[in-house]
Amino acid sequence: MIRRFVGRVTEFFTTASNVVSRTVRTTWSTMRRSLFRPSNDWSRPDYEFYRRAYRCQVRGLEISGLFLKPLCSKITSWTLGRPPGWKCANDASQKALDAWWDSRHVDILKAMLAGLKQGDSFLVVNSDLSVTLLPPDTVEPIVAEDDYGNVIGWRATQVLAHPTRPGDKMTLVDEYTAMQRIHRIERNGIVVQETIFPNLLGRLPIIHVANQPDEGQRFGHPEAEGLVEVLHRYGEVFEAAIEGNKLQGRPTPVLQFETVADLDKFWALYGKTERQTLPDGRVESYQTLSVDLSQLLTVSGAELHYASPGSFAGDTETLLGLMFYLILEHTEIPEFVFGNAIASSKASAEAQMPVFETFIEGRRREAAAWLTEVAEIVLGYLSLMQPGVSRETPTIQWAKLTQDGRLTLETITWAFGEGLLDERTAVMLMPVDVEDVDAVLEQARREREERRQQVMEQARAMQPQQPAQQPPAREIAEMLPAPAYHRNGSTDPETAAIVAAAERIVANGDARGATGGAMEVLAGGRIIDAVRELKKVL
């Protein structure tokens, strides 16, 4: 409660657009640097303020705060909207991690969104592999007594109120360390239960997602932190434009008198004296007009007309546009990503996309550290539950945001034919959406084995004395896996078929159809020389 009160006072002095607030900010910043000078900064954002700003509930940000939701959601969606791929050394670990990530990807998205919105977020991977998201203002660091810069754990404190008895409160405290988890229940300040659970992982199961912390800082910064001032100005201009538009819609009646005597006579007829008491106790009198313009009004020596402010919509639009571009420059998000229509939109989007793609790649690299930490913890739990799963540090793999499908496919085909890519990575990098990579690979292996068996059966059915009945080399090549066309740099179907046949002969230990010289060069690994020998008999 005290922290929230201080936060609201700070909000008044540090977010209002006036000289006093700017002076307070400058003075406090100077005093803080001169008095404290921390080498390890534990300061944290006002989480409640930025949560309310995100929902447009902060005074002065009721309108301009609408920018905050798309700002955070766009970065989150472009960075993690498509789940990252993982490469594990163990096949069982690979399948288990992929299955878990697909089922919990929404929680990972929420953790990143909360970090962008508030500056920090905390997620806990529980022993049953569920995920719990904790409000950042409920989590405090636990440091070593011999080194205050060494965080050895986190303490999460949550206060729960009874739904029908507001005065009855329960406090849940969870202390996470690498050795154990202490779960404590307090009711009205009295500890009623304390349970200690051993930590079988030997590492912290709670992950701190900090949004771009500065050097020496442990906690992050909200994405909107640098936008508060310009958003206040944006809201002020917008509200002033709305009020001016209302006045334009309700013109003010104006009476223009020819002489002062006519004016005095009008005030004498319709004027009214009213009094009000001032705060110091004095009574002040002032004159008002009691005129109902919806009824007939007769005056002499006067002309009645209605006046309204001149049009200022163009100036307001220009000023709001300039502030909007300041917001774009600070956030580094192109205009088309916000969904705003732009002139020559297709050309502008194509020109801005490479820069934005580089920006998102940087955000992905920043997120890779805590994402890998989540994957390590999950594999640690899975290794205790599922046979064959091992604890390891998987490699994160990202799909490109935009790509030339044909160029990408040709590059993957070349790299796979040269043995530079394994099957799983090649499928993941293909310019098509594949939901279950492992299922696709398994089906491809079965079909490849069926084709191989079909070729072998046709080869056994061929008679040596009737070479004319042998299937053409091109027909054999078409039944072989596509990479056979690219072995040893050859794209000739006949040569590819012969090479594949030679490899099968060596694999099966069957010398039929090959000369002794061909088998000898095959054993030495000289495939091209074996082709020359095999051409004599095939």
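This is a predicted model: local features need pLDDT of at least 70, side-chain atom pairs count only at pLDDT 80 or more; totals for chains, interfaces and linings use all residues.
1. Where does proline 251 lie? Proline 251 sits in the loop between H6 and strand S10 (252–257). Proline 251 is partly exposed, with 39% relative accessible area. Its C-alpha atom is separated by 5.6 Å from that of tyrosine 306. Along the chain, proline 251 and tyrosine 306 are 55 residues apart.

2. The overall picture comes next. The protein chain has 538 residues, and 35% of them are buried. Its secondary structure comes to 16 helices and 14 strands. Consider contacts between residues at least 6 apart in sequence: 57% of these join residues at least 24 apart. The accessible surface of the chain is about 32,100 Å². Carbon and sulfur atoms account for 55% of that surface.

3. Now the nonpolar interior. Nonpolar side chains tend to be buried together in soluble globular proteins. Here the largest nonpolar core has 60 residues. Trp101, Leu123, Trp370, Leu371 and Val374 have the most contacts inside this core. Elements giving two or more residues to the core include H3, helix H4 (68–80), H5 and strand S2 (120–125). S9, H6, helix H8 (313–331) and helix H9 (345–385) are also among them. H9 gives the largest share, 15 residues.

4. Leucine 371 deserves a look of its own. Which residues is leucine 371 in contact with, leaving aside its neighbours within four places in sequence? They are Leu80, Trp86, Trp101, Ile108, Ile396 and Trp398. Of these, Trp101 is also listed among the residues with the most contacts inside the largest core. A second core is separate and has 12 residues. Val124, Leu134, Tyr176 and Leu204 are among its members.

5. Next, charge pairs. Side chains of opposite charge can pair when their charged atoms come close. The count for this model is 17 salt bridges. One of them joins aspartate 137 to arginine 51, with the closest N and O atoms 2.7 Å apart. Aspartate 137 lies in the loop between strand S3 (131–134) and strand S4 (139–144), and arginine 51 lies in helix H3 (residues 47–54), so the pair ties together parts that are 86 residues apart in sequence. Arginine 51 is buried at 14% relative accessible area. Aspartate 137 is partly exposed at 26%.

6. Two other salt bridges lie within helices. In the pair of arginine 104 and aspartate 107, the closest N and O atoms are 3.5 Å apart. Both residues belong to helix H5 (residues 91–118), and because they are 3 residues apart there, about one helical turn separates them. Arginine 104 is partly exposed at 26%, whereas aspartate 107 is buried at 15%. Glutamate 442 pairs with arginine 446, at 3.8 Å between the closest N and O atoms. These two are 4 residues apart in helix H12 (residues 437–461), so about one helical turn separates them. Glutamate 442 is partly exposed at 37%, and arginine 446 is partly exposed at 42%.

7. Some charged residues form a network. Arg155, Glu175, Arg184, Glu186 and Glu194 are linked by salt bridges.

8. The S4 and S5 strands form a hairpin. How many residues join S4 to S5? The hairpin connects them through 2 residues. S4 and strand S5 (residues 147–161) pair in the antiparallel sense, over 6 bridges. Valine 143 has valine 151 in S5 as its bridge partner. In a regular strand the side chains alternate between the two faces of the sheet.

9. Is asparagine 211 buried or exposed? Asparagine 211 counts as buried, at 9% relative accessibility. Its place is in the loop between strand S9 (206–210) and helix H6 (228–249). The asparagine 211 side chain reaches the backbone oxygen of histidine 221 at 2.7 Å. With the side chain of glutamate 223, the asparagine 211 side chain makes a polar contact of 3.0 Å. Leaving aside neighbours within four places in sequence, the contacts of asparagine 211 include Gly115, Leu116, Gly119 and Arg363. Gly220, His221, Pro222 and Glu223 are also among its contacts.

Conventions. Residues are numbered from 1 along each chain as its sequence is written. Side-chain values use heavy atoms; hydrogens and water are left out. A salt bridge is a side-chain nitrogen of Lys or Arg within 4 Å of a carboxyl oxygen of Asp or Glu. Buried means under 20% relative accessible area, exposed over 50%, partly exposed in between (1.4 Å probe, protein chains only). Two strands pair if DSSP finds at least two bridges between them. A polar contact is a pair of N or O atoms within 3.5 Å; within protein, one must be able to donate a hydrogen and the other to accept it, and residues adjacent in sequence count only if both atoms are side-chain atoms. Contact means heavy atoms within 4.5 Å. Accessible areas come from the Shrake-Rupley method with a 1.4 Å probe; for residues, only the protein chains shown count as cover. A nonpolar core is a set of buried Ala, Val, Leu, Ile, Met, Phe, Trp, Tyr and Cys residues joined through side-chain atoms within 4.5 Å.
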